[in-house]
Amino acid sequence: MAAPRKKILAIVGRPNVGKSTLFNRLLGSRRAIVEDIPGVTRDRIYADASWDDCEYILMDTGGLLPKAETEIEKGVDMMARLAVEEADAVIFLMDGREGLHPNDSDVFNILRRSGKPVFPVVNKIDGPRQEGDLYEFYALGVDNLYPVSAQHKIGVGGLMDDVVKHLTLEPEGEDEDPKIKKVAVVGRPNVGKSSLVNRLLGYERVLVDEVPGTTRDSVDTVIVRNATPYLIIDTAGIRRKSRITFRVEKFSVVESLKSIDRADVALIMLDAMEGATDQDKRVAGFVHEKGKGAVILLNKWDLVEKDNETAGKYALEILEDMKQIAYAPLIFISATAGKNLHRIFPAVDTVLKERSKRIVTGELNSFFETIKREHSPPLHRGREVKLFYITQAGKSPPRFVVFTNNPRGIKPSYERYIVNRLRERYGFSGTPIKIHFKKRD
């Protein structure tokens, strides 16, 4: 039997009423972007949460906008409506300081028509003096209101005690679902990350706009291919430091790095029209330093004028420019046209398999003798550097320990030589190889 599906609790309401603050309060961490700028959260954000042993999925949204005018506002409104459709229960958040807004009634009517359990919550009620502001909200025709202060955690407990009654988990099955494969889509803003996720999924799961950096927070989507689930993490674009002018953009960079840290494999997207920029190399460096698997996706390939030699030349140039992840497979794609997207998941599976590869110690040391014989380490301060033996200490990524008489005598160039020889013999495609030199007692 399959594992029970976690219920989804969505937080919706007009922009800037404190949805992200409540989201972070329920998680106990600063997971969503919180700023004074209205509408900072422009897409749905998911996270696992629990209350009194009830596990559920908490979802933050960009805000319902019944009278949306601009294209970006219409997109935000559509995303919030999709969130309501997905949810099993809804917290409808309003602003106690502003009072009942005309749009609150419109939003509440939308939620009522959804047929989902709706919990009307008035935020920013910080004490007894603000409780008098509640009465006008009863004009919505509700019998019960939940006064809370998300910032100060006032009233949140009583609210959640009632919410979890509607989030009862299904009976547990005997078998657990297979371990989900976590894949982060990373790259500079506007290289097509969200377009790729939307194309893979088949509908506009992620808000796409012509404004670079539209996705400003990490967005998780589960995609199933050949009965295998993949968690796709569409990250905010990592911008150049000189272009980070708002604190919200700075936090987006932090979120992108956290997304890379959560993933097993990163899909590093490049713009084929621009090639590998310094910022692309920085993104690749983050992935390599974190020890994650990597697949390079050269997007917008359909826009490049090409002949029979173009792909080969591009591949050589890209891998030369991005030496730190030259071990990663490279796929030429077009996210908008759907070109070569069928190759992505097999490449991810291959990288995951290579990351979990383990080499038998006897075979490994037999080859290590060949490595030393063909090229021994240079002298260090006039003294011989001896390498005794090697063992694999871990995987995902592959980690090796080399025992030596002088760890400080190993130059980076010789470490790269060992790594390259291990790749020649055992593959390890798409994954970093970590080597630690340890002094033998």
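Predicted model: local features only at pLDDT ≥ 70, side-chain atom pairs only at ≥ 80, totals over all residues.
**Entry 1**

Is Phe332 buried or exposed? Its relative accessibility is 11%, so Phe332 counts as buried; the cut-off for buried is under 20%. Next I looked up Trp301. Trp301 has 4% relative accessibility and therefore also counts as buried.

I then checked the two rings against each other. Trp301 and Phe332 form an aromatic pair, with 4.4 Å from centre to centre. The planes stand at 45 degrees, and the pair is tilted. I noted where each residue sits. Trp301 is in the loop between β11 (293–299) and α8 (310–321), while Phe332 belongs to strand β12 (residues 330–332). The pair therefore ties together parts that lie 31 residues apart in sequence.

**Entry 2: other rings**

How many aromatic pairs does a search of the whole structure find? I got nine. One of them is Tyr230 with Phe345. Their ring centres are 4.5 Å apart and their planes meet at 45 degrees, so I logged this pair as tilted. Tyr230 lies in strand β9 (residues 228–234) and Phe345 in helix α9 (residues 344–355). They are 115 residues apart, and the pair links distant parts of the chain. I looked up burial for both. Tyr230 has 1% relative accessibility and counts as buried. Phe345, at 7%, counts as buried too.

I also searched for charges over rings. Which residue lies over the face of Phe388? I found Arg440 there, 3.6 Å from the ring centre. The charged end of Lys357 sits over the ring of Phe428, at 5.5 Å from its centre.

**Entry 3: strand β4**

I turned to strand β4 (residues 89–95). Seven of its seven residues are buried. Both faces are covered. On one side I listed Ala89, Ile91, Leu93 and Asp95; on the other, Val90, Phe92 and Met94.

I then traced the strands that pair with β4. Strand β1 (residues 7–13) runs parallel to β4, and five bridges join them. Strand β5 (residues 118–123) also runs parallel to β4, joined by six bridges. Val90 is the bridge partner of Ala10, and Val90 stands opposite Val118 in β5.

**Entry 4: a three-strand sheet**

I looked at the sheet with the order β13-β14-β15. This sheet is open, and its pairing is mixed. Which strands are at the edges? They are β13 (387–394) and β15 (434–439), each pairing on one side only. Neighbouring strands are turned by 25 degrees against each other on average, direction ignored.

I checked one pairing in detail. β13 and strand β14 (residues 399–404) are antiparallel, over six bridges. Tyr389 stands opposite Phe403 in β14. Helix α11 (residues 412–426) lies across β13, β14 and β15. The helix runs at about 125 degrees to β15.

**Entry 5: the whole chain**

The chain has 11 helices and 15 strands. Of its 441 residues, 52% are buried. I looked at contacts between residues at least 6 apart in sequence: 70% of them join residues at least 24 apart. The accessible surface comes to about 21,300 Å². Carbon and sulfur atoms account for 48% of that surface.

Notes. Residues numbered from 1 in each chain as written. Heavy atoms only, no water. Phe/Tyr/Trp six-rings, centres within 6.5 Å; stacked < 30°, edge-to-face > 60°. Helix = DSSP H or I, 4+ residues; strand = E, 2+ residues; numbered from the N terminus. Buried < 20%, exposed > 50% of the residue type's maximum accessible area, 1.4 Å probe, protein only. Lys NZ or Arg CZ within 6 Å of the ring centre and 35° of its normal. Contact = heavy atoms within 4.5 Å. Areas by Shrake-Rupley, 256 points an atom, 1.4 Å probe, with all protein chains shown as cover. Pairing = 2+ DSSP bridges. Axes fitted to C-alpha atoms, helices over the stretch in contact; angles between N-to-C directions.
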